[in-house]
Amino acid sequence: MKIDLDQVHQGDQVWHDRYGYGIVQRVQANTCDVKFNESTKVLTFTDGGYASGFKVLWWQQPIAFTPRKGQDYRKFHDLVAVLFDNLYGGK
């Protein structure tokens, strides 16, 4: 079971787009069970962090950028790629 190319392990912290951070309770071949906050229930997700065909799990909260109509953001995208590479070595 992987999320975004990284192996999921019991005890890992993951982020859900609706419930926030949770802790992985169990991992099987292609699924993982996650408990969120004070809930007594666990939710099951499939390989890649999917539920009902939708990507909902990440390692941390994703960074979203909403482009505006008529703006050219190519330089911004290039700058983000350079910053990411400098900070994280392209990992």
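1. Two strands pair if DSSP finds at least two bridges between them. Strands (E, at least two residues) and helices (H or I, at least four) are DSSP runs, numbered from the N terminus. With that in hand, look at β5, where phenylalanine 36 is the bridge partner of glycine 22.

2. A word on the ground rules. This is a predicted model, in which local features need pLDDT of at least 70 and side-chain atom pairs count only at pLDDT 80 or more, while totals for chains, interfaces and linings use all residues. Residues are numbered from 1 along each chain as its sequence is written, and side-chain values use heavy atoms, with hydrogens and water left out.

3. Now the strands around glycine 22. β3 and β4 run antiparallel and are joined by 4 bridges, and a hairpin of 3 residues connects them. Valine 14 has glycine 22 in β4 as its bridge partner. β4 and β5 also run antiparallel, with 5 bridges between them, and a hairpin through 3 residues leads from β4 to β5.

4. Which rings are linked into a cluster by ring pairs? They are Tyr19, Phe36 and Phe45. Rings of Phe, Tyr and Trp (its six-membered ring) pair if their centres lie within 6.5 Å; planes under 30 degrees apart count as stacked, over 60 as edge-to-face and the rest as tilted. The structure holds 6 aromatic pairs. One of them is tilted: tyrosine 19 with phenylalanine 36, at 5.5 Å centre to centre and 45° between the planes. This pair links distant parts of the chain, 17 residues apart, with tyrosine 19 in the loop between β3 (13-16) and β4 (20-27) and phenylalanine 36 in strand β5 (residues 31-36).

5. Are the two partners of that pair buried or exposed? Buried means under 20% relative accessible area, exposed over 50%, and partly exposed in between (1.4 Å probe, protein chains only). Phenylalanine 36 counts as buried because its relative accessibility is 5%, whereas tyrosine 19, with a relative accessible area of 36%, is partly exposed.

6. On to the charged side chains. A salt bridge is a side-chain nitrogen of Lys or Arg within 4 Å of a carboxyl oxygen of Asp or Glu, and by this rule there are 3 salt bridges. Aspartate 4 pairs with lysine 55, their closest N and O atoms being 3.1 Å apart. That pair links distant parts of the chain: aspartate 4 sits in the loop between β1 (2-3) and β2 (6-7), and lysine 55 in strand β8 (residues 54-55), 51 residues apart.

7. Arginine 26 and aspartate 33 also meet in a salt bridge (3.1 Å, N to O). Here aspartate 33 counts as buried at 9% relative accessibility, while arginine 26 is partly exposed at 44%. Aspartate 72 and arginine 74 meet at 2.6 Å, N to O, and arginine 74 counts as exposed at 59%.

8. Finally, helix α1 (residues 74-88), which holds leucine 83. The expected span of a helix is 1.5 Å times one less than its number of residues. For the 15 residues of α1 this gives 21 Å, in agreement with the 21 Å between its end C-alpha atoms. After α1 comes glycine 89, with a positive phi near 65°. Leucine 83 is partly exposed, at 45% relative accessibility.
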